[in-house]
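I am opening a notebook page on this structure.

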Amino acid sequence: MKLLLVEDEAPMRQALEEILHRENYDVVSCADGEKGLDEAVSGVYDLLILDVMLPGKSGIEITENVRAQGMKTPVLLLTALGELDDKVKGLDSGADDYLTKPFQTRELLARVRALCRRNVAAADGQLIAGDLQLDVGSSVLTCTENGQQVRLGEKELRIMEYLIAGQGTITPREQLALKIWGVESEAEYNNVEVYISFTRKKMAYIGTHMMIKAVRGLGYELKKA
Ligand code: CA
């Protein structure tokens with residue numbers, strides 16, 4: 001797996017490089033947005049990890065450029081605490097996920113693994129978690145153990161896609177709301193809960209052993225029941 005890291009703060013960049021190298025990722029890093037964009041559009045990377053605030057071009061501008069060229073390389077944005085506007089803009093720009101600084105190493109690695117896995121799975125449109133298989137093209141969710149299938153609605157599909165991509169981590173409710181509805185408000189949070197409950201009913205219907213666990217005050221995790 002080849003990763004591009006664009007981060008202008010040297011200590012942060014070096015620490016991230018070291019962590020990712022240790023996990024056997026092939027990492028190329030740069031410190032400014034212009035160079036970062038040149039690298040990003042080369043098409044050789046499996047994942048782009050972009051700081052938002054960068055000299056030259058921001059992580060959001062890099063993402064927009066990459067998407068404007070039709071490239072689907074997964075993007076993980078790194079944002080500073082409290083930059084909610086940046087998160088919204090970042091996800092609108094076509095980024096797949098974001099991490100708020102400061103973050104824990106294991107959280108970073110879980111997101112990186114999930115995004116790399118999603119990239120591989122996205123090649124044939126099948127996302128897998130335990131005995132669940134999601135065909136993104138047809139929105140059909142299958143329990144591979146018994147062959148039972150159900151079709152998901154549009155929002156349910158996106159929730160499931162996002163939870164499968166984040167398996168092994170808790171997906172914050174705020175992040176689901178941002179990703180699916182694009183804005184943050186109490187109404188949207190309630191929507192998330194409503195659609196999570198629809199999705200759970202469909203999962204129960206096909207008899208999967210996976211479940212969506214609500215982690216109080218944090219978010220949701222797709223895991224084995
Ligand atoms: Ca920065």
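In which sense does α2 pass α3, left-handed or right-handed? I found a right-handed crossing of α2 past α3 (right-handed if the near helix is turned clockwise from the far one by less than a right angle, left-handed if anticlockwise). I note that this is a predicted model, where local features need pLDDT of at least 70, side-chain atom pairs count only at pLDDT 80 or more, and totals for chains, interfaces and linings use all residues. Residues are numbered from 1 along each chain as its sequence is written, and side-chain values use heavy atoms, with hydrogens and water left out.

I looked up the contact next. Gly33, Gly36, Leu37 and Ala40 of α2 meet Ile62, Asn65 and Val66 of α3 (contact means heavy atoms within 4.5 Å). I sorted these residues into 4 nonpolar, 3 polar and no charged (Ala, Val, Leu, Ile, Met, Phe, Trp, Tyr, Cys and Pro are nonpolar, Asp, Glu, Lys and Arg charged, the others, Gly among them, polar).

Then I turned to the calcium ion. Its protein donors are Asp8 (OD), Asp51 (OD) and Met53 (O), 2.1 to 2.3 Å away (donors are N, O and S atoms within 2.8 Å of the metal, 3.2 Å for Na, K and Ca; water is not among the atoms, so sites may look incomplete).

Last, I checked arginine 106. Arginine 106 is exposed, at 62%.

Definitions and conventions. Buried < 20%, exposed > 50% of the residue type's maximum accessible area, 1.4 Å probe, protein only. Helix = DSSP H or I, 4+ residues; strand = E, 2+ residues; numbered from the N terminus.
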